[in-house]
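Here is a short note for a first look at this model. Please read the points with the structure open.

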Amino acid sequence: MSYTVDDLKTLMARLRDPETGCPWDTKQTFRTIVPHTLEEAHEVADTIEREDYRHLKEELGDLLFQVIFYAQMGQEQDLFGFDDVVDTLVRKLLRRHPHVFPEGTLESRVDPENRPTDEWIAASWERIKAEERAEKGENANREPSSRLEDIPASLPALTRADKLQRRAARYGFDWPDIGPVFDKLEEEIGELREAWENAQEDPAARDDVEDELGDLMFVCVNLARFMKVNPDQALRRTNRKFEARFRAIEQVLAEQGRVMEDESLENLDAIWNSVKGVERSTGN
């Protein structure tokens, strides 16, 4: 026997039962669950990036549980239930994909001989998203305070920088090509160096260091966008690479009966470079 979504909904209701449920689950609110949702989403991403597909099913289940949890709390407050979540999602996807569902129903099909171009699909997607953003206000005719207003401030900084840039680029506020972005990168490095040197003489200027470092990182996100690289994913990849190399140094030292804290930076750097050499020779 395999359990179903209905079984999961029943389980969630039991967990939230104020008399017989789990004390931890019954105490939770929409707000307190958010950190767990973010954690589970990151664990899904990490599992995929490590190509640990054997455990992906489990991680996806943990992420689904977050949706079920929110839906149960919504039902308890007469806001919405899980079926409402599914219904809203299906309707939105039907609306956003007229090139697949031309009549806006699951039954309708597009003529394979007249498939739209990628450009048409992209333009249609943006038009529909803009209509949805307008409808989210209390007044459907309300003018947005900014073209950037619905980009959540709670997003990770790298992700939000990428979204801000992409949204601005839709309205023509963008570099013409990647060349000036490299020039800007060099300019920001110089300004950061200058801010750092000034801060050594004037501690009150340390805020300038943070500002300039942020500017430099923002330009790096611009570079990633032009290179069609996800900046957050690129940094996570570098984090994994650093961790693997650092662990390799620890292993080399342990095998030789040496302690990292007793080693000079030159010795550690030599081992680091030898680890990189092994990576290049093995392709790992």
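1. Buried means under 20% relative accessible area, exposed means over 50%, and partly exposed lies in between (1.4 Å probe, protein chains only). The model is predicted: local features need pLDDT of at least 70, side-chain atom pairs count only at pLDDT 80 or more, and totals for chains, interfaces and linings use all residues. Residues are numbered from 1 along each chain as its sequence is written, and side-chain values use heavy atoms, leaving out hydrogens and water.

2. Start with Gln165. Gln165 is buried, at a relative accessible area of 5%. Gln165 sits in helix H7 (residues 157-170); helices are DSSP runs (H or I) of at least four residues, numbered from the N terminus.

3. Which residues does Gln165 touch, not counting residues up to four places away in sequence? They are Phe218, Val221, Asn222 and Arg225. Touching here means heavy atoms within 4.5 Å. A polar atom of the Gln165 side chain lies 3.3 Å from the backbone nitrogen of Asn222.

4. Next, H8 and H9. The axes of H8 (residues 179-201) and H9 (residues 206-226) come within 8 Å and cross at roughly 165°. Axes are lines fitted to C-alpha atoms over the stretch in contact, and angles run from 0 to 180 degrees between N-to-C directions. H8 is therefore roughly antiparallel to H9, a term for angles over 145 degrees. Asn222 is among the H9 residues that meet H8.

5. Now H3 and H4. The axes of H3 (residues 30-49) and H4 (residues 56-76) come within 9 Å and cross at roughly 160°. So H3 is roughly antiparallel to H4.

Terms used
Helix = DSSP H or I, 4+ residues; strand = E, 2+ residues; numbered from the N terminus. Parallel < 35°, antiparallel > 145°, perpendicular 65-115°, else oblique. Polar contact = N/O pair within 3.5 Å; in protein donor to acceptor, adjacent residues only side chain to side chain.
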